[in-house]
Every structure is written in C-alpha cells, then in structure tokens.
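This briefing is for a reader new to the structure shown below. Please look over the sequence and the model before reading on.

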Amino acid sequence: MKTSTQHIIARNILRSAAVLALVSVTHIASAGPVKSVGQMTFADANTVVIADWRAGEIHALQLPPATSVAAKPFNLKNISTPIAKELHTDPDKLRFEDMAFRPGAELAYITVSIDRGDNVPSPALVSVDSGGKVAVVDLKKTPHTSAEIKSRPMADKRLWDMPEATLTVTDLVYHDGKLYVAGLSGESFASTLRLYDFPFTGAATATSIEMYHAVHNEIETRAPIRKMAIVSLNGEPTLVAAYTCTPLVTIPLKDLKDGAHIIGKTIAELGWGSAPVDMVTFDAGQGPMVLLINSHKSADLMSVPAIADASAQPGLATPIKWPNEPLLGLKSIFIPISGIAQLGNQNKEFFGALRRDAESGAMELVSIRKGAFLRLSDFVNEYDFADFKYPPNDNWHGVHQMLRTDEGYPDLAKRAIIP
C-alpha cells in the first residue's frame, strides 16, 4: 500500500497531537455513584470491575466472600423473568450488558440496564447460580473505588443510533496486577488502550493504536478493539485483539507506554461482516487456546502456539479478494457456537453462555462443555430417536452420555450406555 509524503506528514502531526492529549488521561476519583453498567471482569474472587460510561469511570466493587460450591452445569432456559422480578420490572425492560463468572463460586454476575420510562436507564448488577437463584447487588451500598477516564468521546456524537460515548470502554482484562481497558478516546486517533495499576493507585497510561484492516484495505485508527485476551507468545506477554469485520491483531504488552502511538500487527483476517462478541482463553487438555465468539458467523478457535507462529511473521499488508476469498493469515478452526450474547469461563470444564431463546425471546444461561463446543439438546438427529440402539463399536455413545447428563437429560443419557 502506497501513502503520499503529504499524508505521512499529516498523520505524524495528528499522532503527536494525540500523544499529547492522551498523556495522563486518568486519575483516581472519589467513589461516586454508579450511573451505568457495561463491560465487566473479575480482578480476584471478591472484586468485580465494571465500566461506567455515563460517569466516565471504572468502578472496582468489593463483594462479600462467597461460599465455595461444587461445579454444576447451568441449564436455565429463562433468566429474564426471575431477574426482572428481583429488579421489580418487566423482562422486556431489561438490556443485558455483560457477564462474568466469579472465580471459584459458580456464580454468574450480569450487568443489566433497566428501562424505567425515562431517558436514562437504571444500572443493575445481579448474580445467578446454577439453580436459578437471583441476587441483586446493591450498587449504592457496596464498597467500591473508582478511577476516572478522561479524554472521552463527546456526549453529543452518535454512531448510527447510539452515543459514541457508549464505546468509551469496549472490553476489560485483568492481568498481573494491571487492568487493561480497550475503547475510544475523544482524540483524532480514537482507538485507545488504557492501562491502570490495580488496585487503583493513581498511576495510569493510555496508548493510541492503529492497525491494518485487510477487508477495508485501510490503516485504521478510529475503530476500537472490541474483544481481547492476554497470552504468552514465545515468552512475551502479548495482547491478542479482535476488531469488527474481523481482523486479529497482536500487541506486545511492553509496547504499551503512556502517550505512545503504536501499530498493532494484523496476523489474521477472520471474515467480513461480523463483530466480536467475546474472547476467552482456556486449556481443555490440548494446550492453551483462544476462542473468539462472533455476532454473525461461527466461532473461531485458535491455539496459542499457532498465534505465536503467526505473530512472528511480518503481518498482513494486502487486502482480501472480496467476497470469494474472505480469509487471510492465521487459520482458525470454525466452531459451531453462534447466537451468543456473552460467553465466559465458568470453570475448568465449562463455558457459561448468555443467549436468547429464538422462540420465546427469553435470555438463557447455559453451560457448554469445553472441548465439545456444543449442546446436544440444540439439535435433533438419528441418535435421539427412542428406537435407536448404539452398536458395540460406536465412538460417540460416551460423549452423548456425558453431554446429555450435563444438559439435564439423565433418561436420555441412559440410552447411550452400551451393555
């Protein structure tokens, strides 16, 4: 791709302005009221961190200790109604924002916005256990500390029908005593990665980021990271970031310095016309993996060694051949997980997923076994008929028995036992 000398000079001037604007963009604020709830993550078993775009703050809530319980699959076909009941509203007034599982507690925490009939939705945080019990976290009484985000998008700017400021924080990741916060700033180079020492101490940095997007054939500085994870690539702690439409980018953590403007390395184009929904890391016995959930296509499964190999290469610099050849770079494995609103690591065995029931519209909270990457009860096939008998050499009966048990169908699980 060729860029004119004039364009390079202009871009460097803008970079310099962005760097100056981003230096020291955050500081510790007094723990003010929670005005909105969005992206969330757990820093430890008793600390949940929530982004509040209306207040322009990040809040760290200190939860009371939770009782440790045995792992059990979630098979909740309607959590909209019980959550609405506890929040004294109707299910259709709820907007589900994000979900994270509390480490060691087998509890899903969900941020919810409630339409009370005025222009500003009410924020709420609830927990749900595998039995469907809902508990509301009192946001006014729960102790918390806050960090302010400066250089935010202007409140009056809109993208389609939503305020641009809703993208002030698009994802949160806690790693090794630091909180990584992706989103937008109000500067010309809007895509920003903010970094906080945690617990909040007053030290914070912000880095503006650009990357090459093979679908658009553009160097992009505005579109924010949508989902991210931190992994070790050849011994180097590295941010793996996914953007809309769907480039995958790696950024060494050592490059994230206050006021810097950096170029992420695009290692894959995973398909146009979709947006990242969630990204999780896990190891189900076959080595460390990254799973990217998408809005309009199947999920992408990638091994960390494969990401490391791709990141060691020069990176993508040429466009895809749209639309017939939509992929470039690192090859992912297509995984049949779709229609997911949020996905999280429930425990070593299961993912937990928020998803809508296509017929009722109710929000479900269900477990998906790692390594299987599906729920058998979502499908009807030859094995499900009452007169089907597993032959002695069948390779699937053990898997079917396990998954049917997971999903709450013990009688069907018995059919998969070969005498």
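**Strand E30 and its partners**

Strand E5 (residues 75–76) and strand E30 run antiparallel and are joined by two bridges; strands pair if DSSP finds at least two bridges between them. Helices (H or I, at least four residues) and strands (E, at least two) are DSSP runs, numbered from the N terminus. The model is predicted: local features need pLDDT of at least 70, side-chain atom pairs count only at pLDDT 80 or more, and totals for chains, interfaces and linings use all residues. Residues are numbered from 1 along each chain as its sequence is written, and side-chain values use heavy atoms, with hydrogens and water left out.

Pairing of E30
- Val 366 of E30 is the bridge partner of Asn 75, and Ala 353 also stands opposite Val 366.
- Strand E29 (residues 350–356) pairs with E30 in the antiparallel sense over seven bridges.
- E29 and E30 form a hairpin with six residues between them, and Gly 361 in the turn has a positive phi of about 80°.

Burial of E30
- Seven of the seven residues of E30 (residues 363–369) are buried, so the strand is largely enclosed by the rest of the structure; buried means under 20% relative accessible area (1.4 Å probe, protein chains only).
- Met 363, Leu 365, Ser 367 and Arg 369 point one way from E30, while Glu 364, Val 366 and Ile 368 point the other way.

A four-stranded sheet
- Four strands form an open sheet with antiparallel pairing, in the order E23-E24-E25-E27.
- Strand E23 (276–282) and strand E27 (333–335) are the edge strands, each pairing on one side only.
- Strands E24 (residues 289–294) and E25 (residues 299–303) pair in the antiparallel sense over four bridges.
- Ser 303 in E25 is the bridge partner of Met 289.

Technical notes
Buried < 20%, exposed > 50% of the residue type's maximum accessible area, 1.4 Å probe, protein only.
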